[in-house]
Amino acid sequence: MRDSEHSMSIPAPSSRTLSPGGGLLAWLGLSALALLVGAVASVDARSLYEQLQQPGWAPPGWVFGPVWTTLYILMGFAAWRVWRIGGFAARNGVLTLYLVQLGVNMLWSWLFFSWTMGLAALADVVVLWMLILATLIGFWRADWLAGLLMVPYLAWVTLATALTAWVWSHNPYILG
């Protein structure tokens, strides 16, 4: 047996079992699942967000839902574009990186909104930013459009990183 058959891997859409359309639905579904897990943690986000001292450049609370929904659609489409070039086996490294960054992204909502752990949320979003950049580069190398589709996500998380740092440092009584 090959080493790859013994290794643990994250379940992901397989090009051997899915049509291109099925693969697209699977990657969009994985992204939607990540969005949903983050949304569960953010169910009381609006009330917390309104309690926090905010910088003048902070987006209004209602912007986050539509922006994140759009970004997750773009991310899922980007992952699909990379996956369809040889499947998960051929792009295992960058697609695994994509799945890891999805997990780190989901964790941020729990750290910040559910557990109000500001410093941990800041550390998480910094790691997330680095993972997104690495994923974007890997996607770009596989398919330039897939990489391009990740640029808005990196830009938004850049803003989110700055906002997390600012809000955490100005709200120690809430985000201990």
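Reader: What percentage of the 176 residues in the protein chain do buried residues make up?

Author: This is a predicted model, and the share is computed from it. A residue is counted as buried when its relative accessible area is under 20%. Of the 176 residues in the protein chain, the buried ones make up 40%.

Reader: How many helices and how many strands does the protein chain have?

Author: Read from the N terminus, the elements run α-α-α-α-α-α-α-α. The count for the protein chain is therefore zero strands and, by DSSP runs, eight helices.

Reader: Is L102 buried or exposed?

Author: L102 lies in helix α6, which spans residues 92-114. Its relative accessible area is 4%. The cut-off for buried is under 20%, so L102, at 4%, is buried.

Reader: Which residues does L102 touch, not counting residues up to four places away in sequence?

Author: Contact here requires heavy atoms within 4.5 Å. With residues up to four places away in sequence left out, L102 touches L30, A34, Y72 and M75.

Reader: How far apart in space are L102 and L35, C-alpha to C-alpha?

Author: In sequence, L102 and L35 are 67 residues apart. In space, their C-alpha to C-alpha distance is 8.9 Å.

Reader: At what angle do helix α4 and helix α8 pack?

Author: Helix α4 covers residues 64-83 and helix α8 covers residues 144-170. Their axes are 8 Å apart, and the crossing is left-handed. The packing angle is about 145°.

Reader: How many nonpolar, polar and charged residues are there in the contact of α4 with α8?

Author: On the α4 side the contact consists of F64, V67, W68, L71, L74, M75, F77, A78, R81 and V82. These meet L145, A146, L149, M150, P152, Y153, W156, V157 and L163 in α8. Arg counts as charged, so R81 in α4 falls in that class. The division is one charged, no polar and 18 nonpolar.

Notes: Residues are numbered from 1 along each chain as its sequence is written. This is a predicted model: local features need pLDDT of at least 70, side-chain atom pairs count only at pLDDT 80 or more; totals for chains, interfaces and linings use all residues. Side-chain values use heavy atoms; hydrogens and water are left out. Axes are lines fitted to C-alpha atoms, for helices over the stretch in contact, and angles run from 0 to 180 degrees between N-to-C directions. Helices (H or I, at least four residues) and strands (E, at least two) are DSSP runs, numbered from the N terminus. A crossing is left-handed if the near helix is turned anticlockwise from the far one by less than a right angle, and right-handed if clockwise. Buried means under 20% relative accessible area, exposed over 50%, partly exposed in between (1.4 Å probe, protein chains only).
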